Amino acid sequence: MSAVPVADGLFTWPSESPQLIGSTCPECGATTFPRQGSCPRCPHPSMEERLLSTRGTLWTFTVQGFEPKPPYRGPVPFEPYGVGYVELRGEVMVESRLTVSDPDQLEIGQEMELVVVPFRSDESGDDVVTFAFRPATAGSGS
Amino acid sequence: VSGADVAIVGIGIHPFGRHEGVSARAQAVHAARAALADAGADWKDMQFAFGGSMDGGDADTLVSELGLTGLPFINVWNGCATGGSSLMSADSALRSGAADLGMAIGFDKHARGAFNTDPAAHGLGEWYGETGLMLTTQFFAMKIQRYMHDHGITASTLAKVAAKAFRNGARNENAWRRTPMSEEDILGSAMVSHPLTQYMFCSPGEGAVALVLCRADRAHHYTDRPVFLNAAVLRSRRYGSFEVFSPWLATEPAPSPTVDAARATFEQAGIGPDEIDVAQIQDTDSGTEIIHMAETGLCKPGEQEALLQTGATEIGGSLPINTDGGVIANGEPIGASGLRQVYESVLQLRGDAGDRQVPGDPRTAFTHVYGAPGISACTVLTR
């Protein structure tokens with residue numbers, strides 16, 4: 001059984017320590033995730049690839065409490081999942097699933113770290129993996 | 001009155017809610033005829049129309065019911081600001097002198113449940129929808145979560161917004177949800193997207209609104225109670241603002257399009273937010289009403305907690321907000337929603353709002369819509 005990324009170009013994969021793949025404007029330094037072709041700020045017509053930090057702080061969050069309609073293709077039966085924006089200091093804020101879905105376990109400002117997690121199984125039984133953030137474990141900083 | 005160039009002389013509505021077997025177009029025709037009757041005008045007098053709907057069909061095909069008069073009828077589609085964009089277009093046509101009299105119309109009929117949006121239509125990858133991030137409800141929940149943290153807003157205040165909406169809706173014969181609900185029941189309903197519960201959210205629905213507008217100097221040909229459109233302004237998002245359907249945000253914050261649109265509207269009207277007697281602002285959920293109170297300039301960030309807890313935004317309060325129940329009680333037929341706010345404002349300024357009439361003879365009104373993918377439209381109305 002292998003693990004297939006939900007989309008190419010979102011994070012480095014396969015990898016022991018995956019990173020999100022963003023882009024930075026060579027002119028003004030604006031950073032986006034995922035990478036895009038031109039700068040949304042200045043607006044320079046090309047961007048350079050940038051691997052993003054794997055740790056940041058939780059800027060805000062919610063918990064998805066009902067099963068979304070398609071195109072959502074999550075695990076059956078539905079289980080609530082956390083969603084948040086994680087601020088990668090000096091880079092960008094990234095919207096992401098969170099590994100924690102209990103709002104009492106989440107707090108604005110807490111340290112988070114990137115993980116790649118199984119999301120669903122595809123037709124051949126392989127795991128489809130996506131990126132998520134989990135509360136950072138002490139001392140695991142990069 | 002106020003040096004305004006444009007007046008609203010006719011208003012028509014088809015009740016909001018769920019109407020089995022009644023098409024969105026039929027609802028639109030109903031609203032259009034009501035607006036024409038209110039203005040004492042005929043469809044053949046209309047020199048233009050701007051209209052839009054998301055799921056109800058092309059607005060310009062309404063001519064097959066209203067009359068094939070040859071008028072220029074322009075379809076408008078601009079997300080949640082579709083109604084506001086139609087109104088702004090009508091305003092421009094009249095202000096420029098290109099026409100004397102015309103119509104803005106909006107209508108819709110959506111499937112039940114939260115909107116499911118195609119990521120590709122927003123330039124996003126399939127993964128964004130597939131992994132469950134493409135939901136407007138999440139955005140609104142995350143925005144108020146941060147706002148509560150920054151400005152000391154409590155869950156009780158979220159419940160008060162929804163309770164007010166249902167109370168006002170109960171006094172509005174055209175509203176969808178007309179049963180008052182206790183704050184306790186609102187807080188205790190299903191948690192849709194923490195911290196927002198089921199009854200703190202609006203639902204997609206059905207309905208239609210039409211407005212007949214004319215050059216201000218001709219308003220008295222049609223009515224002895226014109227309401228003037230002093231300003232109508234639309235803005236889209238800037239780099240750094242926190243918007244729906246954003247896989248990433250800049251770390252340097254910028255004001256939301258609501259801040260930009262409201263500021264420009266008040267400036268153009270020459271009327272300040274402190275001079276507004278009654279306001280209709282986008283309440284996709286309890287949280288957005290609270291946030292938009294400050295983003296529009298009607299109060300300062302953080303003041304909402306005290307304003308809501310003391311009843312200031314009730315119909316009899318110092319700053320009545322969403323007197324017709326807002327989208328929480330009316331539902332959100334996207335094409336019609338922004339025009340419903342103007343319909344309610346006209347009723348309030350005419351003194352025709354019945355059980356929900358704001359006391360004290362209101363003279364100034366403000367409307368505001370906000371929606372995907374980061375657009376806002378505002379108006380200032382006076383009599």
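Residues are numbered from 1 along each chain as its sequence is written, while chains are lettered from A and ligands numbered from 1 in the order in which they are written. Because the model is predicted, local features need pLDDT of at least 70 and side-chain atom pairs count only at pLDDT 80 or more, whereas totals for chains, interfaces and linings use all residues; side-chain values use heavy atoms, with hydrogens and water left out.

**View 1. Chain B, its elements and its packing.** Chain B holds 12 helices and 12 strands, where helices (H or I, at least four residues) and strands (E, at least two) are DSSP runs, numbered from the N terminus. Its radius of gyration is 19 Å, close to the 21 Å that the globule rule gives for 383 residues, so chain B is as compact as a globular protein of that length; the radius is taken over C-alpha atoms, and the rule is 2.2 Å times the number of residues to the power 0.38. Along the principal axes, the C-alpha atoms of chain B fill a box of roughly 55 × 50 × 40 Å. Of the 383 residues in chain B, 64% are buried, a term that means under 20% relative accessible area, with exposed meaning over 50% and partly exposed in between (1.4 Å probe, protein chains only). Among contacts in chain B with a separation of 6 or more, 75% come from residues 24 or more positions apart, a contact being heavy atoms within 4.5 Å.

**View 2. Chain A, a chain of strands.** Chain A has zero helices and nine strands, and from the N terminus on its elements run β-β-β-β-β-β-β-β-β. A compact globule with 142 residues would have a radius of gyration near 14 Å, and the 16 Å of chain A agrees with this. The C-alpha atoms of chain A fill a box of roughly 45 × 35 × 30 Å along the principal axes, and buried residues make up 47% of the 142 residues in chain A. In chain A, 50% of the contacts between residues at least 6 apart in sequence join residues at least 24 apart.

**View 3. Where chain B meets chain A.** In this interface, 36 residues of chain B are in contact with 45 residues of chain A. The two chains bury about 3400 Å² between them, 62% of it on carbon and sulfur atoms; buried area here is the accessible area (1.4 Å probe) that two parts lose on being put together, summed over both. W127(B), E130(B) and W248(B) supply 21% of the area that chain B buries against chain A, more than any other three residues.

View 4. S256(B) lies in the loop between β9 (248–249) and α8 of chain B, whereas D260(B) has its place in helix α8 (residues 257–269). S256(B) is buried, with a relative accessible area of 6%, and D260(B) is buried too, with a relative accessible area of 14%. Leaving aside neighbours within four places in sequence, S256(B) is in contact with K143(B), S241(B), E243(B) and E295(B). With residues up to four places away in sequence likewise not counted, D260(B) touches R235(B), R238(B) and P255(B).

**View 5. E107(A) in a loop of chain A.** E107(A) is found in the loop between β7 (92–98) and β8 (111–121) of chain A, and E107(A) is exposed, with a relative accessible area of 57%. Beyond its neighbours within four places in sequence, E107(A) is in contact with L58(A) and F61(A). E107(A) and W59(A) are 48 residues apart in sequence and 8.7 Å apart in space, C-alpha to C-alpha.

View 6. The peptide bond from F33(A) to P34(A) is cis, with omega near -10 degrees, and P34(A) is found in the loop between β3 (31–32) and β4 (48–51) of chain A. In chain B, a cis peptide bond joins A372(B) and P373(B), with omega about -5 degrees; P373(B) has its place in the loop between β11 (364–371) and β12 (375–382).

View 7. N322(B) has a positive phi of about 55 degrees although it is not a glycine, and N322(B) sits in the loop between α10 (304–309) and α11 (326–330) of chain B, where N322(B) counts as buried at 2% relative accessibility. Phi of D361(B) is near 60 degrees, again a positive value in a residue other than glycine. D361(B) lies in the loop between α12 (334–350) and β11 of chain B, and D361(B) is exposed, with a relative accessible area of 54%.
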